[in-house]
Amino acid sequence: MFLELLHDGLKTYTIIKETNKSFDEIKGERGILRQIAMDLLCRVGGLSGTEIGEMMGVDYSTVSQRRKRLREKLKNDNHIAQIIKRVEVDLSTINI
């Protein structure tokens with residue numbers, strides 16, 4: 001699935017093959033997919049916590065907390081790490 005995120009007129013595309021959910025569905029979730037999206041927007045998309053918070057409808061501190069929780073989960077959950085790795089590989093092949 002293609003997840004299109006618009007920010008200041010620039011388009012960033014993220015492929016998340018593990019779901020068939022729209023950005024709005026992921027944004028509304030409280031789970032791991034939203035944490036992954038926040039992390040990718042920061043690391044790959046180059047957006048600040050404040051910018052990501054505005055997109056997700058949360059405060060920048062929530063973005064920071066969720067990214068920290070994701071890092072903690074990655075220490076013990078190889079499945080999540082594999083999802084992120086696949087997404088990063090897909091992102092590396094996209095020409096924006």
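The following legends describe close-up views of a predicted model.

**Figure 1. Overview of the chain and its elements.** The predicted chain contains five helices and two strands. Read from the N terminus, the order of these elements is β-β-α-α-α-α-α. Of the 96 residues in the chain, 38% are buried. When contacts between residues at least 6 apart in sequence are considered, 49% join residues at least 24 apart.

Figure 2. The buried residues are Leu33, Arg34, Gln35, Ile36, Ala37, Met38, Asp39, Leu40 and Leu41. The end C-alpha atoms of H2 lie 16 Å apart, in agreement with the 16 Å that its 12 residues should span at 1.5 Å a residue.

**Figure 3. Asp39 within helix H2.** Asp39 belongs to helix H2, which comprises residues 32-43. Its relative accessible area is 7%, and it is therefore buried, the cut-off being under 20%. Leaving aside residues up to four places away in sequence, Asp39 touches Val44, Arg67 and Leu70. The side chains of Asp39 and Arg67 are joined by a polar contact of 3.0 Å.

Figure 4. Asp39 and Arg43 form a salt bridge in which the closest N and O atoms are 2.7 Å apart. These two residues are four residues apart in helix H2, and therefore about one helical turn separates them. Arg43 is partly exposed, with a relative accessible area of 42%. A salt bridge also links Arg67 with Asp39, the closest N and O atoms being 3.0 Å apart. Because Arg67 lies in helix H4 (residues 60-76) and Asp39 in helix H2, this pair ties together parts that are 28 residues apart in sequence. Both Arg67 and Asp39 are buried.

**Figure 5. The salt bridge between Lys75 and Glu72.** The structure holds three salt bridges. In one of them, the side chains of Lys75 and Glu72 meet at 3.2 Å, N to O. Lys75 and Glu72 are three residues apart in helix H4, so they are separated by about one helical turn. Lys75 is exposed, with a relative accessible area of 61%, whereas Glu72 is partly exposed at 42%. Elsewhere, salt bridges with shared partners join Asp39, Arg43 and Arg67 into one network.

**Figure 6. The buried side of helix H3.** In H3, which covers residues 49-56, the buried residues are Ile52, Gly53, Met55 and Met56. They lie on the same side of H3, because they cover an arc of only 160° around the axis. Gly57 follows H3 and has a positive phi, near 75°.

Technical notes
Residues are numbered from 1 along each chain as its sequence is written. This is a predicted model: local features need pLDDT of at least 70, side-chain atom pairs count only at pLDDT 80 or more; totals for chains, interfaces and linings use all residues. Side-chain values use heavy atoms; hydrogens and water are left out. Buried means under 20% relative accessible area, exposed over 50%, partly exposed in between (1.4 Å probe, protein chains only). A polar contact is a pair of N or O atoms within 3.5 Å; within protein, one must be able to donate a hydrogen and the other to accept it, and residues adjacent in sequence count only if both atoms are side-chain atoms. Contact means heavy atoms within 4.5 Å. The expected span of a helix is 1.5 Å times one less than its number of residues. The arc is that of the directions from the helix axis to the C-beta atoms. A salt bridge is a side-chain nitrogen of Lys or Arg within 4 Å of a carboxyl oxygen of Asp or Glu.
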